[in-house]
Amino acid sequence: MEKINHELAAVYILWLRQIKRHLRSKARLVMSIFQPVLFLVAFGFGFKNVYAQAGQGDYITFLAPGIVAMSVIFSAMFTGTEVISDKQFGFLKETLVAPISRLAIMLGRTLGGASVAMLQGLLVFFIAFLIGFTPVSLGGWLLALMFMFLIALMFTAFGTLLATFFNDMHAFPVIINMIVMPLFFLSGALFPVEDLPAGLSVIVRFNPLSYGVDGVRGGLTGQFHYSISWDFLVLMALVAIILSVGSWLFSRMES
Amino acid sequence: MVLFGLIIINHLMIIKVDNLTKQFDDLKAVDGVSFGVAPGSIFAFLGPNGAGKSTTIKMLVTLLKPTSGQLEINGFDVLAAPAQARRSFGVVFQDYSLDDELTAYENMYFHALIYALPKAERRAKIAQLLELVNLTERQKSLVKDFSGGMKRRLEIARGLLHEPKVLFLDEPTLGLDPQTRNHIWAYIKNLNQQRQLTVFFTTHYMDEAQRYADQIAIIDRGQIVARGTPQELQRQTDSDSLEQAFLKLTGYDIRDENISAAERLRLLNQRKWKK
């Protein structure tokens, strides 16, 4: 019991550290919502009429959950850079020589990064409201938040896992972009995934973000392309796998 | 009888290193190193650059896995029981390892939680240690505004927060001015005497080793080349100072790894000129 309390305390303080660092860096806070807001405004208003003429309804309402998901995965993946800067500035050693399990380190970092990503996602959500996003079902709010958090967890864990392989703080963002952009464009974030060309349809199906976007959108609009349980299962399974691999990588990390 | 005595002495050592080896791809950084450190002593681990000092420390503090050999700290096998071993020591690394964007207090609090300090004791212990290193007034400042000496003092306070039996210091005074170096050593010496804290440190400043170390081990090319008190090492090598003893034992060559051919030639020429 004491052992578990100790591990939980370690997870908590690792989480708190990231929240504090994030809130203290106002520049990071503002910069990381710039791109999602740009997408929301440019695409949202740009395609509004075409989308309505095609008989699909309000594009901003369709698009907003996708852009929120995008801001979440960007924030989430970028927390990996903190692992690299902790390596470079030595703080990582402070956690690695501590008498705590590597799973606690991985969990604490992931929860911290995921909470930060959630915060960014909520900010983008709020802005989407201001420019005309209208959720069809308010009851699905909690469901949408849960899916946002699952996306945040999965991609924070993934970014953290990736970061264990890199020592170069400048190369890492480039790699993140190379991964996140295709994930974003080839999910259902920007367009409906019904009746896509066969090739694209297959890619979308294998893209984990598709299930996250579907979950968030389903919660907010009441319409799932897959299903709540399927979205949930896919995301949970991936989170579990990535966390286990990540803590294993942390246990092998040497400096 | 002598053998029996040796066994007892060996048993009493708080740090035990036995036949420790670390093989990197094509380099044996540490090659069959054995030594022991007596509890409550100050032990200096000296050697030129690339001799295997840092690699040895990293293995002792569980940051690096040995290729072979045994390590024991405070009676705990470092490889088999890392958590207990980790609780037994504090470390001050060669490079700063604080979170710059947190305050001094927050860095201490972080440490208190990951080392499971009882909730009732946290505040008082943190306050007491910050006081010890004269940082009470700056406890709410972000570490990024600290000078090198302040960071070092904070790291020492942090390393002691969980009341370790052993404190590892890897070049603790590197890059600090003489005033700060003196202060830092005053803290360390004081802790050593008052709390029976065992101190294991590396340094390139021979005067520090001469002044503060009870025992010295000199490592070169991955192997221990000499052991003893500062006086013993001087006597063995017929030297006036520890620095001279060190140079006699490890040679006068500069040990920059990957030194270029042109550089080597230049150094050779310099030496000829001196003669």
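Reply: In this predicted model, four strands of chain B build an open sheet, ordered S2-S1-S4-S5. The pairing is antiparallel. Strand S2 (27-37) and strand S5 (76-77) of chain B are the edges. Each of these two pairs on one side only.

Now take the pair S1 and S4. Strand S1 of chain B covers residues 15-24, and strand S4 of chain B covers residues 68-73. Five bridges join them in the antiparallel sense. One position to look at is B:Lys16, which stands opposite B:Glu72 of S4(B).

Next, the contact between the chains. Chain B gives 23 residues to it, and chain A gives 21 residues. On the chain B side, helix H3 (82-88) and helix H4 (104-114) each supply at least two residues. By class, that side of chain B has 14 nonpolar, two polar and seven charged residues.

Helix H2 (residues 26-46) and helix H7 (residues 102-130) of chain A have axes that come within 10 Å. They cross at roughly 35°. The crossing of H2(A) and H7(A) is right-handed. From H2(A), the contact uses A:Ser32, A:Ile33, A:Pro36, A:Val37 and A:Leu40. From H7(A), A:Gln120, A:Leu123, A:Val124, A:Ile127 and A:Ala128 take part. By class, this helix contact has eight nonpolar and two polar residues.

How values were computed. Residues numbered from 1 in each chain as written. Chains lettered and ligands numbered in written order. Predicted model: local features only at pLDDT ≥ 70, side-chain atom pairs only at ≥ 80, totals over all residues. Axes fitted to C-alpha atoms, helices over the stretch in contact; angles between N-to-C directions. Left-handed = near helix turned anticlockwise from the far one by under 90°. Contact = placed C-beta atoms within 7 Å. Nonpolar A, V, L, I, M, F, W, Y, C, P; charged D, E, K, R; others polar. Pairing = 2+ DSSP bridges.
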